[in-house]
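Open your viewer and get ready to select side chains. This tour goes stop by stop, and each stop tells you what to click next.

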Amino acid sequence: MTRAEIREFFFKEGLVLFDDQVCGEFSMDKDLASRNYTAFARASHIPRGLNREDVLRNLRVLTDDGIRNAGVLLFAKDPAKFFPQTFVICAVFQGTGKTKIIDKRRVGGTVLECYTGAMAYLREHLNTEYVIRGGPRQEILELPEEALREAILNALAHRDYRLTDAIQI
């Protein structure tokens, strides 16, 4: 077997995970976006005042050898600098074919930015029903928002980031 075949074998068997590999080119000083870490910490209810490096180590995205690929996808200023395929293509087509594009958008950035951008695109393009029952109106998308959220998160979390294809919605 060639080196590439051996490496692919280990990936397929789950013995080597992309997320766990250290990104050697990443510099904590130059490439880490403090705003991305802060937003994550706020959303995760991580107490203020904790040492960022300790938190990243506890999350298992930072090791003595450097930041892991999972950390790059979550906290880099520009994840595409390291992984050009970190984006989602959202499109609306006319009819059932994929030849006439009505609208298309490329959403890039961190995993969180890809998720929020894709969800925003879907909210903009799906039909919304307004239900009024004595209080503030309720807005219901034509597809369950929970199902959309799950589909996008699964696509982002389980994709093979070694491949150059984009996630397509």
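Which side chain meets glutamate 124 in a salt bridge? Select glutamate 124 and look for arginine 105. The two side chains meet in a salt bridge, at 2.8 Å from N to O. Glutamate 124 sits in helix H6, while arginine 105 sits in strand S4 (residues 101–108), so the pair ties together parts 19 residues apart in sequence. Arginine 105 counts as partly exposed, at 30% relative accessibility. Keep in mind that this is a predicted model.

**Next stop: helix H3 to helix H6**

Select arginine 35 and glutamate 113. They form a salt bridge, and the closest N and O atoms are 3.4 Å apart. This pair links distant parts of the chain. Arginine 35 is in helix H3 (residues 34–43) and glutamate 113 is in helix H6 (residues 111–125), 78 residues apart. Now show the surface. Arginine 35 is exposed, with a relative accessible area of 53%. Glutamate 113 is partly exposed, at 27%.

**Next stop: helix H2 and a loop**

Select aspartate 31 and lysine 81. Here is another salt bridge, 2.8 Å from N to O. It too links distant parts of the chain, 50 residues apart. Aspartate 31 belongs to helix H2 (residues 28–31). Lysine 81 lies in the loop between helix H5 (69–75) and strand S3 (87–93). Lysine 81 is exposed, at 54%.

**Next stop: a network**

Now select Glu53, Arg57 and Asp64 together. Salt bridges link these residues in a network. How many salt bridges does a search of the whole structure find? The search finds eight.

**Last stop: the cysteines**

Colour the sulfur atoms. A disulfide is a covalent bond between the sulfur atoms of two cysteines. How many disulfides are there here? The count comes to zero. Cysteine 23 is buried, at 5% relative accessibility.

Move on to cysteine 114. The cysteine sulfur closest to that of cysteine 114 is in cysteine 90, 9.1 Å away. That is also too far for a bond, because a disulfide needs the two sulfur atoms within 2.5 Å. Cysteine 114 is buried as well, with a relative accessible area of 3%.

Methods: Residues are numbered from 1 along each chain as its sequence is written. This is a predicted model: local features need pLDDT of at least 70, side-chain atom pairs count only at pLDDT 80 or more; totals for chains, interfaces and linings use all residues. Side-chain values use heavy atoms; hydrogens and water are left out. A salt bridge is a side-chain nitrogen of Lys or Arg within 4 Å of a carboxyl oxygen of Asp or Glu. Helices (H or I, at least four residues) and strands (E, at least two) are DSSP runs, numbered from the N terminus. Buried means under 20% relative accessible area, exposed over 50%, partly exposed in between (1.4 Å probe, protein chains only).
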